[in-house]
Amino acid sequence: MMVRVAVVVVAVSLVAAFPLVAEEARWAEDGPFEVEVLRTEVARDGLSALPLEVYVPEDGGPFPVVVFSHGAGGSGDCCKPLVERWASHGYVVVAPTHDDSVKLRMSESSGRGRAREARRLLIDAVRMVAAPEGRERRVADVKTLLDALPVLMERHEELRGKLDVESIGMSGHSAGALTGQLIAGVKSFVDGEALELGDARPDAFVLLSPQGISEGVGFTEDSWRDLGGPTLFVTGSEDAGIGGQDPEWRKQGYERAPAGDKYLLFIEGAAHSSFTGTALERPNRRMGSRMGRRGGQGNPMGRALRAGSGDTKKIVAWTATTALAFWDAYLKDDTEARSFLASDAMMQASEGDAVLSGK
């Protein structure tokens, strides 16, 4: 089944938030393509169909494909300020809705009962992702999606000639960053044995709020040893882990990965929900405050769900712009984009609030 949604207009104008010099401004502006959203699904072995949101440039192609994996409890329509902008610059973004999605599992309850159910399902989603079988199921969703790209092009006229299946990026936020790390070849250890979940098809990775060393997800000092593909890690000064880890914890993957095409974007004032724009959504702010009150000021999940002290629109702008330059560099072999990644343009434009490092 496929549903075609009306053409969308990119929701967040970023130029004012990120004034770059002329030759660099193209990454801070909306791209030249109108974007439409296709809602479809692909079959999974032994499970219900996997829902997909596909963000497609209306004209032209073929375009590189970016898979975007949502955070625990989220859904494929979670992060439009990012993915719509990428699509407007000539990318097809495919966003699956994994089985831990709160929206997918919500009943028809209403009012206070609905809010309680959403909180319960969110906590349950975190547990699902932390379990080895949950991690494996998310990775299997991505591999199923990649297998199905030729089928989707054949099935949907709107996708014919649009997908360059030889140029693929993988991105995700939070649990989606965990999914991306596993696809990239970062090793998760269970009872001393490494889960071998990597996939060679994605060429580059953008990881928003990635996990560091953690017994809960099986990441050790050695997990990033073989991470060879180009990777952009994105975190910030208020991006604490839900286990109470200091924000510095989220830098550990970058620090332990081998040098070569690795980048870290660190944003002052950015919290866990800042990078995708979800911190602007009132339900998330309410849920964060309620969970914080229920568990006290030290409740890590409530703290993570609340917006950080930084300007969220600017944080989304800096994240989207840096990621877009990264995609252009590694999925379109754009030499100007590589020069941007090696420059201090991000730090200058943000007056020191967003620092891009590389190794």
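How many nonpolar, polar and charged residues are in the lining of the largest cavity? By class, that lining has two nonpolar, two polar and five charged residues. Keep in mind that this is a predicted model.

**The cavity**

- Searching the whole structure turns up one cavity of 30 Å³ or more.
- The space inside the largest cavity comes to about 50 Å³.
- His98, Asp99, Asp100, Met128, Val129, Gly134, Arg137, Arg138 and Asp141 line the largest cavity.
- Two helices, α3 (111-130) and α4 (132-155), each put at least two residues into the lining.
- It's α4 that gives the largest share of that lining, with four residues.

**Helices α1 and α9**

- Two packed helices are described by the angle between their axes and the distance between the axes.
- For helix α1 (residues 80-88) and helix α9 (residues 312-331), the axes come within 10 Å and cross at roughly 35 degrees.
- The crossing of α1 past α9 is right-handed.
- On the α1 side, the contact is made by Pro81, Leu82, Arg85 and Trp86.
- On the α9 side, the residues are Val316, Thr319, Ala320, Thr321, Ala323, Leu324 and Trp327.
- Sorted by class, this contact has eight nonpolar, two polar and one charged residues.

**Ser209**

- You'll find Ser209 in the loop between β9 (204-208) and β10 (231-238).
- Ser209 counts as buried because its relative accessibility is 0%, and the cut-off for buried is under 20%.
- Leaving aside residues up to four places away in sequence, Ser209 touches His173, Ser174, Ala177, Val234, Asp239, Arg250, His272 and Phe275.

**Arg250**

- Arg250, one of the residues that Ser209 touches, sits in the loop between β10 and α6 (252-256).
- With a relative accessible area of 3%, Arg250 is buried too.
- Arg250 and Pro210 are 40 residues apart along the chain, and their C-alpha atoms are separated by 5.7 Å.
- Again setting aside residues up to four places away in sequence, Arg250 touches Ser209, Pro210, Gln211, Thr235, Asp239, Ala240, Gly241, Ile242 and His272.
- Asp239 and His272 turn up among the contacts of Ser209 and also among those of Arg250.

Note on methods: Residues are numbered from 1 along each chain as its sequence is written. This is a predicted model: local features need pLDDT of at least 70, side-chain atom pairs count only at pLDDT 80 or more; totals for chains, interfaces and linings use all residues. Side-chain values use heavy atoms; hydrogens and water are left out. Axes are lines fitted to C-alpha atoms, for helices over the stretch in contact, and angles run from 0 to 180 degrees between N-to-C directions. A crossing is left-handed if the near helix is turned anticlockwise from the far one by less than a right angle, and right-handed if clockwise. Contact means heavy atoms within 4.5 Å. Ala, Val, Leu, Ile, Met, Phe, Trp, Tyr, Cys and Pro count as nonpolar, Asp, Glu, Lys and Arg as charged, and the others, Gly among them, as polar. On a 1 Å grid over the protein atoms alone, a cavity is a set of points where a 1.4 Å probe fits but cannot get out, and a pocket is an open set with protein on both sides within 12 Å along at least five of seven lines; lining residues have an atom within 4 Å of a point. Grid points are joined across faces, edges and corners, and a volume is the space filled by probe spheres set on the points. Buried means under 20% relative accessible area, exposed over 50%, partly exposed in between (1.4 Å probe, protein chains only).
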